[in-house]
Amino acid sequence: MSIYTSFTKLDQYTIANWTHAPFVGLKNYVSAFRQGNAIGASALLSLWVSVAFSVLTTLCITPIGIVAALLVNKPFRGRALVRALFLLPYVMPIFVNAITWRLLFMNGWGLIDRVLAALHLASRNTYWLIGPHSFWAMVIADVWSSWPFIYLMVLAGLQGIPGDLYESAHMDGASPTRSFFSITLPMLRPILGLALLLSTLNHFNNFTLPFIMFGTPPSPQADVLPLNVYVTSFQTFNFGLGAAMSLITLVLMLIPAFFYIRMLRLGEDVS
């Protein structure tokens with residue numbers, strides 16, 4: 001149905017008899033990459049925002065997750081409590097997380113603006129929820145809520161590394177840093193690659209966070225592709241264009257999914 005809709009001019013005027021909506025061919029796909037309308041960016045701009053958001057967020061949470069996993073990998077008193085605390089941002093519902101960060105970034109009286117103003121780092125009128133700073137507000141909020149995913153994946157990988165390898169390296173005079181780069185990272189490469197791929201896909205498809213934090217329509221700097229599809233389809237009622245944009249998203253998601261499945265098959269062949 002979406003494929004058929006993407007080739008028609010289906011809107012609020014033709015939806016009553018949607019099977020007979022005017023056929024427009026590839027016009028919706030061409031329009032998707034042109035200049036956006038008054039309340040939404042073009043699909044090309046939204047694609048760039050989504051890619052930058054997903055890649056930057058993944059790059060930020062990866063070292064945080066690795067360091068956190070290394071901190072709680074070895075036994076120490078209170079480790080169970082620390083592990084539970086590390087999971088708090090991840091188990092918090094994304095709706096609650098978005099509302100919390102929206103309040104923190106509120107202009108003038110939000111905690112972020114007040115702290116930055118007190119430290120003489122920024123003005124109280126930074127406007128995090130509109131304008132160019134909205135992208136960075138979205139990244140910060142998503143980093144806070146998603147870094148425990150990398151932490152869980154890496155921690156699971158660390159538990160599977162035999163301790164004999166570290167004992168042998170220690171007997172050979174290897175320093176902890178050398179052991180990390182020669183043993184830990186190579187052993188974590190498969191699971192870390194999977195974690196980075198899944199994390200990037202998840203951030204690319206993130207709809208709830210920008211929808212709750214910025215509302216609709218959002219600033220162009222925070223107009224990610226899933227949110228743009230929603231605004232196009234259900235606020236401007238251009239269902240044909242929205243279907244074309246959603247199919248473009250589907251094709252983009254199939255590309256890394258293909259490589260992911262290929263990686264799994266290669267792993268099965270090797271084993």
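Of the contacts in the protein chain between residues at least 6 apart in sequence, what percentage join residues at least 24 apart? In this predicted model, the figure is 64%.

View 1. The predicted model contains 13 helices and 0 strands, so that, read from the N terminus on, the order of elements is α-α-α-α-α-α-α-α-α-α-α-α-α. Along its principal axes the C-alpha trace spans about 75 × 60 × 25 Å, and 41% of the 271 residues count as buried. The accessible surface of the chain comes to about 15,300 Å², and carbon and sulfur atoms account for 69% of that surface.

**View 2. The packing of helix 3 with helix 12.** Helix 3, formed by residues 43–71, packs with helix 12, formed by residues 225–234, at an angle of about 145°, and the two axes are 8 Å apart. On the helix 3 side the meeting residues are A43, S46, L47 and S50, while helix 12 contributes L225, P226 and N228. Sorted by class, this contact of helix 3 with helix 12 has 4 nonpolar residues, 3 polar residues and no charged residues.

**View 3. N97 and L103 in helix 6.** Both N97 and L103 are placed in helix 6, which is made up of residues 94–104. N97 has a relative accessible area of 1% and is therefore buried, since buried means under 20%. Leaving aside neighbours within four places in sequence, N97 is in contact with M92, A141, W144, S145 and L209. L103, by comparison, has 45% relative accessibility and so counts as partly exposed, the category that lies between under 20% and over 50%. When residues up to four places away in sequence are not counted, L103 touches W109, G110 and L111. S145, one of the residues in contact with N97, has its C-alpha atom 16 Å from that of L103, and L103 and S145 are 42 residues apart along the chain.

**View 4. T126 in the loop between helix 7 and helix 8.** The loop that holds T126 runs between helix 7 (111–118) and helix 8 (133–159). T126 counts as buried because its relative accessible area is 12%, where the limit for buried is under 20%. The side chain of T126 makes a polar contact with the side chain of D113, at 3.4 Å. With residues up to four places away in sequence not counted, T126 touches N107, D113 and H133.

View 5. H120 counts as exposed because its relative accessibility is 73%, with over 50% as the limit for exposed. Y127, with a relative accessible area of 40%, is therefore partly exposed.

**View 6. The cis peptide bond from T216 to P217.** Between T216 and P217 the peptide bond is cis, with omega near -5°. P217 is placed in the loop between helix 11 (208–214) and helix 12.

Definitions and conventions: Residues are numbered from 1 along each chain as its sequence is written. This is a predicted model: local features need pLDDT of at least 70, side-chain atom pairs count only at pLDDT 80 or more; totals for chains, interfaces and linings use all residues. Side-chain values use heavy atoms; hydrogens and water are left out. Helices (H or I, at least four residues) and strands (E, at least two) are DSSP runs, numbered from the N terminus. Buried means under 20% relative accessible area, exposed over 50%, partly exposed in between (1.4 Å probe, protein chains only). A polar contact is a pair of N or O atoms within 3.5 Å; within protein, one must be able to donate a hydrogen and the other to accept it, and residues adjacent in sequence count only if both atoms are side-chain atoms. Contact means heavy atoms within 4.5 Å. Axes are lines fitted to C-alpha atoms, for helices over the stretch in contact, and angles run from 0 to 180 degrees between N-to-C directions. Ala, Val, Leu, Ile, Met, Phe, Trp, Tyr, Cys and Pro count as nonpolar, Asp, Glu, Lys and Arg as charged, and the others, Gly among them, as polar. Accessible areas come from the Shrake-Rupley method with a 1.4 Å probe; for residues, only the protein chains shown count as cover.
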